[in-house]
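Me: Take me through one part of this model in detail, please. I'd like to know what surrounds the space there and how the neighbouring pieces sit together.

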Amino acid sequence: MNAAPTCLRADELEQPLGLGNRRPRLSWWLPSGSREQFAYRLGASTGWDSGRVDSADSTHVPYGGPPPGSGERITWRVKVWTDLGESPWSPQAWFETGLLDPADWQARWIEPVVPVAPDRPAVSGGPGVPPAGCRPAPLLRTAFTPASPVRRARLYATAQGLYEVFLNGERVGDAELTPGFTQYDVRLQVQAYDVTALLREGENALGAVLSDGWFRGQVGVTRAHDQWGERVSFLAQLHLEHADGTTSVVCTDGHWRWAPGPVVAADLIAGQSTDLRRTPVGWDRPGYDDSAWTPVEVADHGHAGLVASPAPPVRRVEELVPVAVTRPHPDRQVFDLGQNINGWVRLTDLGPAGTRLTLTHGESLGPDGDVTTDHLRVDMPFLPEPLPAGQVDRVVSAGRPGESFEPRHTTHGFRYVRVEGHPGQLTADDLRGVVVHSDLRRTGWFTCDDERIERLHEAARWGLRGNVCDIPTDCPTRERAGWTGDWQLFVPTAAFLYDVSGFSAKWLRDVAADQWPDGTVANISPACRTEGPKGPVAHLNGSAGWGDAVVIVPWQLYLAYGDPGILEELWPTMTAWLGRVERAAREERHPDRIRRSPGPAPHERYLWDTGFHWGEWLVPGEQVTDLTEYAARDKADVATAYYAHSTRLAARIARVLGRDAEADRYRELSERVRAAWRTEFLAADGSLRPDTQAHHVRALAFDLVPAGLRARTAARLVELVRAADTHLGTGFLATPDLLPVLADSGHLDVAYELLLQDTAPSWLHMIDRGATTVWEHWDGVDADGTPHDSLNHYSKGAVVSFLHRCTAGIRPDEDAPGYRRFTVAPRPGGGLTRARAEHHSPYGPIGSSWRVEDGRFHLCVTVPPGTTADVVLPDGTRHHTGAGTHAYGCAAPDAALTPTGATP
């Protein structure tokens, strides 16, 4: 019997609740065993039926029925016609809208305002408010009685701050750190919850816990606070549909009351302090006497800018059992989770009533076996003094049966946690590490017969998991900031491993919102005021490779998911950025260049040599000790390369969008910039200057050198690698392209040697030193165990794309994005005798599995329905194939027969 379509999605979410789009795009996987789709038919509960539509499209198909109203659930299904014939209808899927218009909101913003004590001085955060990092999380509540039985209930909630909401003593939903991190000046996310099962007859109680979060708490490397406001606020609206067909609404308004709660301090960086003795027992249940509580104040923050998120929420994704518990000193115990994570712990043995426990979280241990956070302190030239690492939670036990401590109003980056103050002996059964991040759907896997490579792949994956907490962060400890350059480098890797389509789109909207009027793209998004155009580090924004994220990230998403909508949405942001770059190149000259020659050469109008650039950043052996001097350097080699690359991509994007005139202009501009780069950095004898690995990598990756010089440029890159004793010499920007460039230019052996290098600087050096996430610096942990800076910076982990795209050989086709057509061209090396990768594309699972056995290379390829693949064997034999699982073989290449770690 013909199977039905599966994996039904609306805007790439499975059964989304609270959707903000009236016309979501629908996607599905074709029936198992089919090869191609000829037509589809969609049906919806609104009575809309598309009828048979002759089309091969099975992704991003617009819903064509009557536009839903707010809070409307639409069920839908699909059938398809394939080479197997007409399929049955799929099982029903659904999507449900949230509150789509500001006019739908009846609720008012409410604020718990601390009365000003006459003898209390004004401090940070306003009169009577504790300083940032030390502010409590108040409780808010109201009671209500439905007029008649309820058949359906939806709660819509958000906050300026972080909130948790409770209904009749039960926590609502499983989303964490709500409403999430956005550019609050422009947008604030709203969550929707189905609370029908939590309602009861008679009186009900609705309550919330409200803390600073990103809105008012400390953010970024500067520990800036009060960036979007000095008060926290809560907004909630409960819609009740009654059995008799009537509706009613319970809203936040002036009738709500508030009181101090057990969370006496909550900050995302500093940590959370909880005194469980202060918990008003039953505060979130019906019948509680709140007459002594303080009335809230009603605020007028309006309802504009309230949006639904296109990304999955942050959730508690996994729990880890400690692998060891030690006592390095008599007064403390240290738990080792065995894995560096983002999240918090759940501690279930809190000791007798009144026991005061302190939990310090860190990524590394000192020589004495105790947790150290010295390397996570913030010491920057623009700070008057180093700032503490934070990541310290405190709890006071109430001694109640079954109580536990789980600080949901903070997060930490850690592998180890020190517990001080407990009178007894704790065990691994008493604590769990709670992994917290955006609940992205996993889509990519890789295994091979080298255990170290598998550990590297896992370290890169865990590094990603530790840094997707509603935004892509640089690290989960010191900064937790949405650096544009980091995601620009890693997004191809991320898109193989997880579905980051909605996650990235959500973040890109903040990047666009943060763009300055002159087109400058901020280093960090969401950008707080301290990081903005009027802040102390404003001059550090607009860097090549970082600002270019607005071009590169949408393009990479288009390649991975095949959705041109993200290109259209970001097009104004791209062109504003490129306009800013074009003006800088045309109108400005670097002071050093002016001193050498008062008048500009003709090519200099296309040479970008001014402004601040992070450049290659963190090159092995180079240390920036004077940021002012570093900022003054001419980095035209990096900036002009990115200028050429981004304008070339812009030309391709414009062509996809049907903007042919703009495509022609950007193509011509890119050629002129490339010519200027050659005039400036390509010598008459064909050599490049500066003579660095990174410069040669970029020249090849961005197609900057003439075709006739590619082989020579690659050969010189190999010479530079050999001169470094077969070690990489790249920093931040060029490292992801290093191995692919070597492999694609005929030096696959050198690429594998670098991958398998195990002395610093190298990836396996990190693994051999015990890394479970990728380090910020190549020398993140010294031989004596001393850590330096962040031990969870995912950018260098982009190397695992080499495993996906070269070792396993799965590559998307730029002319048929979203893996509609793709290539499987595995290139064994490094002595590996088997490897396997799987990627769940928008059309279904893609597989590449190979082994070397008895001098033969055996390959098994899985091609999902609706797609085609070009299979290229190591001996150069090519096959074009459609859906299904296919086996191929050829003589094993010499590289596959070289023992692991040996030099071919």
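Reply: Let's start with the second largest cavity: helix 3 gives the largest share of its lining, 4 residues. Helices here are DSSP runs of H or I with at least four residues. This is a predicted model, where local features need pLDDT of at least 70 and side-chain atom pairs 80 or more, while totals for chains, interfaces and linings use all residues. Numbering runs from 1 along each chain, and side-chain values use heavy atoms, without hydrogens or water.

The second largest cavity holds about 80 Å³ of space (a cavity is a set of points on a 1 Å grid where a 1.4 Å probe fits but cannot get out, and lining residues have an atom within 4 Å of a point). Its lining includes Val491, Pro492, Ala495 and Phe496, along with Gln556, Leu559, His804 and Arg805. Besides helix 3, helix 5 (549–561) and helix 16 (800–807) each give two or more residues to that lining. By class, the lining splits into 8 nonpolar, 3 polar and 1 charged.

Now follow helix 3 (residues 484–497) to its partner, helix 4 (residues 501–514): the two pack at an angle of about 150°, with axes 12 Å apart. That makes helix 3 roughly antiparallel to helix 4 (an angle over 145 degrees). Thr484, Trp487 and Val491 of helix 3 meet Phe503, Ser504, Trp507 and Val511 of helix 4, with contact meaning heavy atoms within 4.5 Å. The contact has 5 nonpolar, 2 polar and no charged residues.

Methods:
Axes fitted to C-alpha atoms, helices over the stretch in contact; angles between N-to-C directions. Parallel < 35°, antiparallel > 145°, perpendicular 65-115°, else oblique. Nonpolar A, V, L, I, M, F, W, Y, C, P; charged D, E, K, R; others polar. 1 Å grid on protein atoms, 1.4 Å probe; cavity = no way out; pocket = protein on both sides within 12 Å on 5 of 7 lines; lining within 4 Å. Points joined across faces, edges and corners; volume = space filled by probe spheres on them.
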